[in-house]
Amino acid sequence: MFSKKEAHLIALSDLDDARDAVRGALSDAPADEAPGLRRAARILDELAERGGEPRVRWARGILERDGVNPVTHEVAAIRALRQELPGLSLLAATELARETKLAQQS
């Protein structure tokens with residue numbers, strides 16, 4: 001059961017919906033709009049290929065911004081995540097830092 005102190009990080013991604021919308025727009029786009037829409041589709045496809053769970057991507061972004069390497073500085077990574085999201089429990093931040101570390105190592 002969840003405690004009141006536990007802050008759960010729920011990350012939602014509309015990436016698939018965005019890709020579908022851009023492809024749909026591309027199917028009947030005027031010639032002058034097609035190159036931009038093709039570029040947008042490539043960008044969204046690249047994001048999808050990088051993949052990973054949205055919350056891990058969020059954590060990776062925070063750690064990159066703060067210059068913290070979760071592989072070599074796990075405690076600093078946990079601290080950075082908890083500072084970014086007040087209320088994030090130590091357990092949740094530790095799990096997220098470790099998931100981010102694993103994603104970075106692979």
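I started with Leu15: leaving aside neighbours within four places in sequence, I found Leu15 in contact with Leu44, Leu47 and Ala48. A reminder to myself before going on: this is a predicted model.

**Entry 1, more on Leu15.** I placed Leu15 in helix 1. Buried or exposed, I wondered, is Leu15? Its relative accessible area is 17%, and buried means under 20%, so Leu15 counts as buried. I also looked up how Leu15 sits relative to Asp45: the two are 30 residues apart in sequence, yet their C-alpha atoms are 9.0 Å apart in space.

I stepped back to see the overall layout. Of the 106 residues in the chain, 27% are buried. I then turned to contacts with a separation of 6 or more: residues 24 or more positions apart account for 55% of them.

Helix 1 runs over residues 15-27, and its 13 residues should span 18 Å at 1.5 Å a residue; I found its end C-alpha atoms 18 Å apart, which agrees. Which residues of helix 1 are buried? They are Leu15, Arg19 and Val22. These cover an arc of only 65 degrees around the axis, which puts them on the same side of helix 1. On the face turned away from that buried side I noted the exposed residues Asp16, Asp17, Asp20 and Ser27.

Leu37 lies in helix 2, residues 34-50. At 18% relative accessibility, Leu37 counts as buried. Leaving aside its neighbours within four places in sequence, I listed Val22, Ala25, Leu26 and Ala29 as the contacts of Leu37.

Next I checked the length of helix 3. Its 13 residues should span 18 Å at 1.5 Å a residue, and its end C-alpha atoms are 18 Å apart, which agrees. The buried residues I found in helix 3 are Arg55, Val56, Ala59, Ile62 and Leu63. Seen down the axis, they fall within an arc of 125 degrees, so they line one face of helix 3. Glu64 and Arg65 are exposed on the other side of the helix. What do the buried residues of helix 3 pack against? I found helix 4 and helix 5 there. Just after helix 3, I noticed that Gly67 takes a positive phi of about 70 degrees.

From helix 3, the residues Trp58, Ala59, Ile62, Leu63, Arg65 and Asp66 meet Ala77, Ala80, Leu81 and Glu84 in helix 4. Sorted by class, I have seven nonpolar, no polar and three charged residues in the contact of helix 3 with helix 4.

At what angle do helix 3 and helix 5 pack? I found about 85 degrees, with the axes 9 Å apart. That makes helix 3 roughly perpendicular to helix 5. Helix 3 brings Arg55, Val56, Trp58, Ala59, Arg60 and Leu63 to the contact, and helix 5 brings Leu96, Glu99, Thr100 and Ala103. By class, the contact of helix 3 with helix 5 has six nonpolar, one polar and three charged residues.

I finished with helix 5, residues 90-105. Its 16 residues should span 22 Å at 1.5 Å a residue, and its end C-alpha atoms are 22 Å apart, which agrees. The buried residues I listed in helix 5 are Ala92, Ala93, Thr94, Leu96, Ala97, Thr100 and Lys101. Among what covers them are helix 3 (54-66) and helix 4 (74-84).

Methods: Residues are numbered from 1 along each chain as its sequence is written. This is a predicted model: local features need pLDDT of at least 70, side-chain atom pairs count only at pLDDT 80 or more; totals for chains, interfaces and linings use all residues. Side-chain values use heavy atoms; hydrogens and water are left out. Helices (H or I, at least four residues) and strands (E, at least two) are DSSP runs, numbered from the N terminus. The expected span of a helix is 1.5 Å times one less than its number of residues. Buried means under 20% relative accessible area, exposed over 50%, partly exposed in between (1.4 Å probe, protein chains only). Contact means heavy atoms within 4.5 Å. The arc is that of the directions from the helix axis to the C-beta atoms. Ala, Val, Leu, Ile, Met, Phe, Trp, Tyr, Cys and Pro count as nonpolar, Asp, Glu, Lys and Arg as charged, and the others, Gly among them, as polar. Axes are lines fitted to C-alpha atoms, for helices over the stretch in contact, and angles run from 0 to 180 degrees between N-to-C directions. Angles under 35 degrees count as roughly parallel, over 145 as roughly antiparallel, 65 to 115 as roughly perpendicular and the rest as oblique.
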